[in-house]
Amino acid sequence: MDLQPIHPEPTSFISKYVFSHDHKVIAKQFLWAGLLFLAFGGTLAMLIRWQWAFPKEPVPLLGNMLFPESGGAVTPANYNVIFTMHGLIMIFFAITPILIGAFGNYCIPLMIGARDMAFPTLNMLSLWTFILSQLLIIASFLVRLGSGAAGWTTYPPLSTNVGTPGMGQTLVVAAIFVTGISTIMGGINYVTTVIRFRAPGMTWMRLPLTVWGLWLTAILNVLFVPVLGSAGLLLILDRTFGTQFFVAGSSAVRGGGDPILFQHLFWIFGHPEVYILILPVWGIVSDTLSFFARKPAYWYKGSVAAMTLVTILSAVVYGHHMYMTGMSPLLGQSFMLLTLAISVPAMILFVNWLMTIWRGSMRLTVPMLFSLGMVFVFGAGGLTGLYLADISLDLYLHDTMFVVGHFHLTMAAASFLGSFAGIYHWFPKMFGRNMNEGLGKAHFWGSVIFITLVFTGQLIVGYSGQQRRLYDPFQYETLQHLRGLNRLTSFFGFCLATSQVFFVINFFRSVFAGTKAEANPWQLPTLEWQIASPPPYHNFDVIPTVVRGPHEFANPAVKKALGRDWLDQTEEFPEEEVSAPEAKLAERAS
Amino acid sequence: MGKVVRYRPHHAEHEWTASIGMIVFLGSWAMMFGALFFVYGIIRSHTRFWPPPDLPAFPLVLPAVNTMALGLSSFMLERARKLILADKVPDTMRAIAFAATLGTLFLSLQLVVWWSLYDKGLSPKTGPYASVFYAMTCFHALHVLVGLGALGWLGLRTREGRYNAARHLPIRLWTMYWHFVGVVWGIMFVVLYVL
């Protein structure tokens, strides 16, 4: 393709590592930024768990530094900030940059055989807009009255000047707006790159499923993040210019606006957003399961169709977040039906995963373990979703810890394990070094066991009636018997956090002193593994010509001729041997 | 490593890529405006009296003139794009200048509309009726302003002779953008002022 010239490699430090146009460098920048905020959001989570285990008691280690005014204990005002910012930071500033910023940038051009993104400058702007939004988040903690405290959903009236006065909430909403702009810039890039820059022969049905997942995510991002942008914009106007979109009640003029309106806008975006956070993981896991089971992905086209269907359906189910807002029963039931319908493609995908690993030659590498863990927690999370989609059950479970447990299993646990599957999988390619396998396995077992236990604990207390977001749940007599279970869950949470130390050690040690990685350490067919680790600045010396799909494993003819169980996507193989099964079929037919 | 092959970028291919990027961007932005229209619909359906009895109704004449101005401006820019395809550089520049003048006329009249309404006591703080009006028109005007900046830049660069029949990608992209802004205004005119 003459679309993609080879540009000379930049030489100065700034153009190479800071304002880089190179998608690989930008991906790493997103990865660092995301991991940093993952630690930030994780720390906030631990503070919440501490409060639920030992309400009003001083927090060890950090307490005196963070809350000197209360002798180290979490105060109600601080608690509101903590749980609000935990959610926002994890979703917009940790998982999004890791899954979409890092993997999107890194994998899409390499896996489709392109030299870079379609718009490298836009890509760089996307990164720096994102960094700006992270700075806004940090700034929001430093202003008077602290950061946002209206819950991650920023519902009015809590998020209006009545509920959360002070600059902090405004800065947080502005940060979300800015990060939305960054996401849209990235999305435009991903969508266009996949449409235009696929290598010759890389047809849509030969794309790795990772690319499919990321591409569909990009479409959702491009279409629905602007809706959140609008909502944020109007909220900022309400907060700073005295407009009356969401203000109601005694503080309103002429009847005021409608707080529920914000919920509509928020969830029109918000429901696609949960698929934005899981579709890349679905793609990555669909690929890694096939890669490490050494079998072709089961029913590739079915997986693609299922992911596409989920993408479409995700746009029309948002009402299930609003069953309790007094919507018309007919509308509620329609949303219920559509929501339950989305489990059909999700199930197809899930069965495809199980069929992919069924009787495979499993290689239990660290990325494979994380993928299997993701399948497990996603299964649990998906099943609990059926409870909540049902209106009659949701009336009881709405706003309880059951909801928290459910969406943490899917959005947090599954995305978290999926992200690490991706990090361990592409680390050798990204940094040209291997990660330590022992530490990786320790990290996996710590993560998967405790992440499941933490969120299962939340499901159980939620089913027993514990509301979410309570500062001190045990001030209610009906919840006092849950004190022990909450404390136990908190200990699981602390163990989960402690397990991450294995990753931190492993990551830093491997980045700087890991053993040099080979070009194709996992013996995989996709394009990125056919070039050096790390890839050269222009990725491919010659744009490859693709001749087959991404999961060419376990062909006995290949094994016989080449002595290995895989063929890379560009590898020619003598026609007669590849088409042997087809010849047999033709024979049988005649 | 294999030999490094140098490619000469083929302009038409590059234009196509950039156009797709622009279409995706405009689709995204359409959702942003779509959300604003959604807000308008919900607020209006919840308000018993529209306009509220003590607040001024929106004018019709000036916005109608504005609609024509922006429509004509869009048409002129489309003409500019056709003219540059025929390599008529001075004509292109004149067409762009005309489009920009009409855009400026639009913004000036919009200022008059805002000012007259504000004068009659319609400030953004006077309830949702005013909020939604100012938010939508201002957000749109901001896009016109960006477009005007772009048209000025395009005009200057056309005068410098940077564009010809083969190379005029920015003109093509900004024409798409300008059409988008015009279409959004058309819908906004009908929804806000006529209905």
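Predicted model: local features only at pLDDT ≥ 70, side-chain atom pairs only at ≥ 80, totals over all residues.

Student: How many residues does helix α2 of chain B have, and what does it reach from first C-alpha to last?

Tutor: Helix α2 of chain B runs over residues 61-85, which is 25 residues. From its first C-alpha to its last it reaches 36 Å, close to the 36 Å expected at 1.5 Å a residue. After α2(B) comes B:D87, with a positive phi near 65 degrees.

Student: What about α4(B), how far does that one reach?

Tutor: α4(B) reaches 46 Å over its 32 residues, close to the 46 Å expected at 1.5 Å a residue. It is followed by B:G161, where phi is positive, near 75 degrees.

Student: What share of the chain B contacts with a separation of 6 or more comes from residues 24 or more positions apart?

Tutor: That share is 83%.

Student: Back to helix packing. How do α3 and α4 of chain B cross?

Tutor: Two packed helices are described by the angle between their axes and the distance between the axes. Here the axes of α3 (residues 89-119) and α4(B) come within 9 Å and cross at roughly 155 degrees. Angles over 145 count as roughly antiparallel, so α3(B) is roughly antiparallel to α4(B).

Student: Left-handed or right-handed crossing?

Tutor: Left-handed, as α3(B) passes α4(B).

Student: Which residues meet there?

Tutor: On the α3(B) side, they include B:V89, B:M93, B:I96, B:A100, B:G103 and B:L107. From α4(B) you get, among them, B:A141, B:L145, B:L148, B:G152 and B:G155. The residues of this contact divide into 14 nonpolar, 9 polar and 1 charged.

Student: New topic: how many residues of chain B are in contact with chain A?

Tutor: 37 residues of chain B are in contact with 39 residues of chain A. On the chain B side, α1 (11-46) and α4 (128-159) each supply at least two residues. α1(B) gives the most, with 18 residues. The chain B side that touches chain A splits into 20 nonpolar, 12 polar and 5 charged residues.

Student: One from chain A, then. Where's A:W282, and why does it count as buried?

Tutor: You'll find A:W282 in helix α8 (residues 259-293) of chain A. It counts as buried because it has 28 C-beta neighbours inside 10 Å.

Student: What is A:W282 in contact with, leaving aside neighbours within four places in sequence?

Tutor: A:W282 is in contact with A:G213, A:M307 and A:L349. As for A:G493, the C-alpha of A:W282 is 25 Å from it in space, C-alpha to C-alpha, and the two are 211 residues apart in sequence.

Terms used. Residues numbered from 1 in each chain as written. Chains lettered and ligands numbered in written order. Contact = placed C-beta atoms within 7 Å. Helix = DSSP H or I, 4+ residues; strand = E, 2+ residues; numbered from the N terminus. Nonpolar A, V, L, I, M, F, W, Y, C, P; charged D, E, K, R; others polar. Axes fitted to C-alpha atoms, helices over the stretch in contact; angles between N-to-C directions. Parallel < 35°, antiparallel > 145°, perpendicular 65-115°, else oblique. Left-handed = near helix turned anticlockwise from the far one by under 90°. Expected span 1.5 Å × (residues − 1). Buried ≥ 20, exposed ≤ 12 C-beta atoms within 10 Å, placed from the backbone.
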